[in-house]
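Look at the sequence and the model, then read the points by topic.

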Amino acid sequence: MGLITSDGKQPLFSFGVISDVQYADIPDGRSFIGVPRYYRHSILVLQRAVQKWNDLQKLNFSVNFGDIVDGFCPKDQSLSAVTKVAYEFQKFNGPVYHMIGNHCLYNLPRDELLPLLNIQTDNGCAYYDFSPSPGYRFVVLDGYDISTIGWPKDHPKALEATRFLDEKNPNSEKNSPEGLEGLDRRFLKFNGAVGKEQLGWLDLVLQDATKLEQKVIICCHVPLDRGASSIEALLWNYDEVMDVIHRYKCVKVCLAGHDHKGGHSVDSHGVHHRVLEAALECPPGSDAFGYVEVYDDRVSLIGIDRMQSTDMVYNS
């Protein structure tokens, strides 16, 4: 049973959330801007998350927002590391929905990665939707649909991404924003884009959700709003994705990972954007995960420890 809120309402359903576990069996390190990272501890955060979710006995499913292993994971350990973390998710007493992040793709190509995460789609793409209750639809976007990582080097999507990055970022190190100004600082190799086919699919799904009077929650590893994220972590074509989303009133919340510090904003159309704090950056003994209770008029993220609780009330 769901928790009963102060106004006497029970949630329609609830689900667990965690992002950026980025496990690797290597000593602790730091990000490129000097933030400590705890590569071995992060799997303990995940284990405690799954234990907590199971103890609650009321969660309908859980969502992993990508980057389950780190790019520094030794490549001869990539397969075993991904398998090990995926196994920890399988201990949850319910369905787990995964999405792919850049660190996942540093380790394994899509054709190996997607089956391990039980993502079943066509042509190596990793976008899909599901409906946990009649009034809600979840849309999981593939933020690395157009990307220089994860696809074979001669794949049309990799070639398109390479051309795009060369045009937008003149640096030889494509993960460096040096010399780029304003919103152009998002044109980095560790980000990606949603391709034209996926944009068309998103439009059709939102049309259908509107027809069925469903509210929509968008999930993507890469953030879609500069108010909730640093510019350097935004999707290359976040503006095109949000143009599609803003055509419809059904989308209420966009959830993301990738930008480890987390964030929350409400955009000009009243859509909430919540970027989740990373499990990777939890010092030993601390945690960052949570669960979300979904109502007709809002979603409430109940954060554990370093993940901030956030009440997201719809404006209409």
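The UniProt annotation "domain: Calcineurin-like phosphoesterase", from an unreviewed entry, covers residues 15-261; UniProt positions are given in the numbering used here, feature names are shortened, and annotations may be inferred rather than shown by experiment. Over residues 15-261 the chain is 32% helix and 15% strand, and the end C-alpha atoms lie 21 Å apart. Helices (H or I, at least four residues) and strands (E, at least two) are DSSP runs, numbered from the N terminus.

This is a predicted model, in which local features need pLDDT of at least 70 and side-chain atom pairs count only at pLDDT 80 or more, while totals for chains, interfaces and linings use all residues. Residues are numbered from 1 along each chain as its sequence is written, and side-chain values use heavy atoms, with hydrogens and water left out.

**Helices α1 and α2**

- The axes of helix α1 (residues 42-56) and helix α2 (residues 78-90) come within 9 Å and cross at roughly 15 degrees; axes are lines fitted to C-alpha atoms, for helices over the stretch in contact, and angles run from 0 to 180 degrees between N-to-C directions.
- The two helices α1 and α2 are therefore roughly parallel to each other (angles under 35 degrees count as roughly parallel, over 145 as roughly antiparallel, 65 to 115 as roughly perpendicular and the rest as oblique).
- The crossing of α1 and α2 is right-handed; a crossing is left-handed if the near helix is turned anticlockwise from the far one by less than a right angle, and right-handed if clockwise.
- On the α1 side the contact is made by Ile 43, Leu 46, Gln 47 and Val 50, and on the α2 side by Lys 84, Val 85, Glu 88 and Phe 89 (contact means heavy atoms within 4.5 Å).
- By class, the contact of α1 with α2 has five nonpolar, one polar and two charged residues; Ala, Val, Leu, Ile, Met, Phe, Trp, Tyr, Cys and Pro count as nonpolar, Asp, Glu, Lys and Arg as charged, and the others, Gly among them, as polar.

**Helices α6 and α7**

- Helix α6 (residues 196-211) and helix α7 (residues 238-245) have axes that come within 9 Å and cross at roughly 20 degrees.
- That angle makes α6 roughly parallel to α7.
- The crossing in which α6 passes α7 is right-handed.
- Leu 199, Leu 202, Asp 203 and Leu 206 in α6 meet Glu 240, Val 241, Val 244 and Ile 245 in α7.
- The contact of α6 with α7 has six nonpolar, no polar and two charged residues.

- Most residues other than glycine have a negative phi.
- Asp 20 has a phi near 55 degrees, a positive value in a residue other than glycine.
- Asp 20 is found in the loop between β1 (13-18) and β2 (29-30), and at 0% relative accessibility it counts as buried (buried means under 20% relative accessible area, exposed over 50%, partly exposed in between, with a 1.4 Å probe and protein chains only).
- Gln 22 has a phi near 45 degrees, a positive value in a residue other than glycine.
- Gln 22 is placed in the loop between β1 and β2 and is buried, with a relative accessible area of 0%.

**Buried residues in other loops**

- His 41 sits in the loop between β3 (36-37) and α1 and is buried, with a relative accessible area of 8%.
- His 41 and Gly 285 are 244 residues apart in sequence and 8.5 Å apart in space, C-alpha to C-alpha.
- Leaving aside neighbours within four places in sequence, His 41 is in contact with Arg 48, Cys 282, Pro 283, Pro 284, Gly 285 and Ser 286.
- Thr 148 sits in the loop between β7 (136-140) and α5 (156-168) and is buried, with a relative accessible area of 18%.
- Not counting residues up to four places away in sequence, Thr 148 touches Ala 158, Ala 161, Thr 162, Leu 165 and Lys 189.
- Asn 169 is in the loop between α5 and α6 and counts as buried at 0% relative accessibility.
- Not counting residues up to four places away in sequence, Asn 169 touches Lys 174, Ser 176, Leu 180, Phe 187 and Leu 188.

- Tyr 106 lies in helix α3 (residues 102-107) and is partly exposed, with a relative accessible area of 27%.
- Leaving aside neighbours within four places in sequence, Tyr 106 is in contact with Gly 71, Lys 75, Ile 149, Asn 175 and Phe 190.
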